[in-house]
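Here is a short report on one protein chain.

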Amino acid sequence: IPFFTFQGHLMNHLDWGDLTPETFLKEYWQKKPLLIKGGFKNFIDPLTPEELAGFSMEEEIESRIIAKGEDHMWSVEHGPFESFDDYGDKDWTLLVQATNNWSSETHDLLKPFRFMPNWRLDDVMVSFSTPNGGVGPHLDRYDVFIIQGQGKRHWRVGLPDDSLETLVPHEDLKQVSDFDAVIDVITESGDILYIPPNHPHDGIAVDNALNYSIGFQAPSSQELISTFADLMIDRDIGNSRYGDPKRKPTDKPEELTHSDIVSLQNFMVEAIKDRKLFNNFIGGYLTHNHHTLEIIEPEEQLSHQAFESLIASGDIIIKPVLGIKALYNCDNASLFVNGNKFVLGGDCVDLAKKIAQGRPLTAFDLESSLDSLNNVNLLTTLINMGYWYIDQSDEL
Ligand code: SIN
Ligand code: CO
């Protein structure tokens, strides 16, 4: 049997062949591109082109259509789209960001990559390309696994090369000049390409094709430092001033000395080194979602008594909103969910772990956690914020 079932639907299983996640990380991850031919045997597309088109018609879902015109003219249009009639039957591709936030079957494509920590995985972008369609040769700043779904695509992948020129054939489209390919393949359903950051690549559809890009999160220091600074401003911290009680007189007041530069730099670094503040910051930062989630706050706030009696009634399942990011940190007894921090009581870690795993939780899973008020409060808060919801209809 080439697939497993999970939550009632069929699941794709990644066959690493001669590799294992461990050897993959050692030999390829962030180092060189790889084609995993037939990585998914009998791959089951988690959605159809029609469903993808449907997502691109939604206001809160980010989508683009990139089309090739005459004379190397490229066009880029942003969703939401109302119709696709104008695009014809070739030369264009539709790309939908964070489709895993809206399709649980697509979200399951992340599962085979759970040998990476939650925080490193970001989202699944899905593209539907008509023959000859593609986004053109380009670089990404992130690692990506591109899974071939239905249809075929001609993929070329090269190595980082400083001599490549940056091309901007449209203000919303960055490409690179032609590159030498080290992988040149027609991908078929179930094939997986791994492409490290800054490796030029280009995929041109052979026929109508679906591709799933598993994207990774890798913060830049610019993002980290500016977000950290925003947090300092929000919390009104870091207001104490630079001090120099050991200063000696100078005979060159016009000079900015090396030792002053270093001491000011250290002063800044010390602010970031505040471990408690940094833990809070980084957990919030890494669980912040870059795309809209389907968060629906309950119309009425649930009291913890009401929640406890629901659990006691037996047949309920608590599920996270699709794509919501959660992490827990033991040293700090904290759970981070969608940018928020929850302080855990000593007895919460077990529950926090289950929550951060993102699995649906049954009354049975929860029972052992419910003798602690901390736990009950944590769950009720997550439900009241709309991050988890009670599903009374579905079976597991
Ligand atoms: C795609 O066109 O499906 C993937 C885009 C990419 O190369 O990142
Ligand atoms: Co790319």
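Buried means under 20% relative accessible area, exposed means over 50%, and partly exposed lies in between (1.4 Å probe, protein chains only). By that cut-off, 46% of the 396 residues in the chain are buried. The model is predicted: local features need pLDDT of at least 70, side-chain atom pairs count only at pLDDT 80 or more, and totals for chains, interfaces and linings use all residues. Residues are numbered from 1 along each chain as its sequence is written, chains are lettered from A and ligands numbered from 1 in written order, and side-chain values use heavy atoms, without hydrogens and water.

**Overall build.** The chain has ten helices and 21 strands. These are DSSP runs (helices: H or I, at least four residues; strands: E, at least two), numbered from the N terminus. The C-alpha atoms fill a box of roughly 75 × 70 × 45 Å along the principal axes. Contact means heavy atoms within 4.5 Å. Of the contacts between residues at least 6 apart in sequence, 80% join residues at least 24 apart.

| Residue | Place | Relative accessibility |

Leaving out residues up to four places away in sequence, D260 touches Y242 and R247.
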